[in-house]
Each structure stands twice: as C-alpha cells, then as structure tokens.
Amino acid sequence: GYEVLFAPGRVAARGSCEGVALLVREGIEIVGRSVRKLSVDATDLLDAPHQRVVLRAAIRREAVVEVLVTHLSLSRNARERTLGELVRFAADERRASRGAAAVLLGDLNATPTEPSLSQLEGAAGWIDAWDHANPEGSGATWPAAVPFRRLDYVWAQLGAGWSVAECRRTPVAG
C-alpha cells in the first residue's frame, strides 16, 4: 500500500548502498521529487566515508506539502555545515513548488541542545514537532530498544492555519 522512494548516499563497489527512504501511502500524489547530496569533508574521519543526502518529495492530497528525509553525519562539524545546506535546499524547493507546508524527518545525530539545530528555527521557520506537542517529554529515540538520547526528529514549517496536533514515539517491540 506504499510507494517507496529511495536515495542512495554511499554505494559500495559491490553494489550495496546506504541512503534514505520515504514511504508514500497509496492515494497521495507525488508531484515532484529531488535529491541533494550534502557536502563531505574529506579530512573529517567521521564525515568522509559516508556521503549524506536529502530526499525530497512534494506530495499533494489537498495541498502540496514538501517532505524531506535525511540522515546526518556523526561529525558535529559536518552537521553544522550540512544543516545550512539542507535549510537552503528546502527553502528553494518549497519556493519552486509553492508548497503549503514542509516536514523534515530524519536521524540528525544531534541532541536537542546542539547549537547546529538552531539553523532550523528562527528565520528558517521550522518547529520541532515533538517539543511543540510534548513540551515535558524527552522524545528519546536512541538506542531503539532502550532509548535515552534523542537523535531522530520531525520538524515542520506549518502552513497558514496549520498546527501540530500530535507527535508520538512508538517504542520498538523487543
């Protein structure tokens, strides 16, 4: 019942790859898609071996919504650099599609207090959906079996009259 969109980041010589995916439920029209490779610092041992990407789909049900998914580097310096790239890419794509709203999903490999996440707030207009819906909850997502640290996020740029009604974490059954 889903269409799978996949964007490979790193492809090994034997063909195996890692990347990001988005599942789009049947009945939701995909009106555009694109992929942006994020920059890599060849001198950063945590960043160099893993090409990171952002997969974007413009979907329409009643309105066009930009949906972006990514998995950012383990390197704090790389996250600082590539979050800026991601914010610019999202803004350009939303302008082009005239999307009513946007959602960013992914493993950002950053805790909520990491300064690089501030690039999403302010002028960029993103809100942390978890914090908005659960101001008292930790939202811990890592490790999946017994989470104590939050690394995974849902951020949103809300359209006029839109709000975050709910954001839940469903624990993995063990």
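Reader: Which residues does T141 touch, not counting residues up to four places away in sequence?
Author: This is a predicted model, where local features need pLDDT of at least 70, side-chain atom pairs count only at pLDDT 80 or more, and totals for chains, interfaces and linings use all residues. Residues are numbered from 1 along each chain as its sequence is written; side-chain values use heavy atoms, with hydrogens and water left out. Contact means heavy atoms within 4.5 Å. With residues up to four places away set aside, T141 touches P147, R149, R150, L151, D152 and R169.

Reader: Does T141 count as buried or exposed?
Author: T141 lies in the loop between helix 2 (129-133) and strand 8 (152-157). Helices (H or I, at least four residues) and strands (E, at least two) are DSSP runs, numbered from the N terminus. Relative accessible area sets the class: under 20% is buried, over 50% exposed, and in between partly exposed (1.4 Å probe, protein chains only). T141 has 15% relative accessibility, so T141 counts as buried.

Reader: What is the relative accessible area of P147?
Author: P147 is also found in the loop between helix 2 and strand 8. Beyond four places in sequence, P147 is in contact with A140, T141, W142 and R169. P147 is partly exposed, with a relative accessible area of 28%.

Reader: Which residues does the cis peptide bond with omega near -15° join?
Author: The loop between helix 2 and strand 8 holds P143. The cis bond, with omega near -15°, runs from W142 to P143.

Reader: Which strands stand at the edges of the sheet?
Author: Six strands form an open, mixed sheet in the order 3-4-5-6-8-7. Two strands pair if DSSP finds at least two bridges between them. Each edge strand has a single partner, so one side of each is left without a neighbour in the sheet; these are strand 3 (29-37) and strand 7 (127-128).

Reader: Which residue in strand 6 stands opposite V69?
Author: Strand 5 (residues 64-71) and strand 6 (residues 101-107) run parallel, joined by seven bridges. Opposite V69 stands L105.

Reader: What is the angle between the planes of Y153 and W155?
Author: Rings of Phe, Tyr and Trp (its six-membered ring) pair if their centres lie within 6.5 Å; planes under 30 degrees apart are stacked, over 60 edge-to-face, the rest tilted. The count comes to two aromatic pairs. Y153 and W155, both buried, form a tilted pair, 6.3 Å centre to centre, with the planes at 35°.

Reader: What phi does N109 have?
Author: N109 is found in the loop between strand 6 and strand 7. At 12% relative accessibility, N109 counts as buried. N109 is not a glycine, yet its phi is positive, at about 50°.

Reader: What relative accessibility does R98 have?
Author: R98 is found in the loop between helix 1 and strand 6. R98 is another residue other than glycine with a positive phi, near 60°. R98 counts as exposed, with a relative accessibility of 74%.
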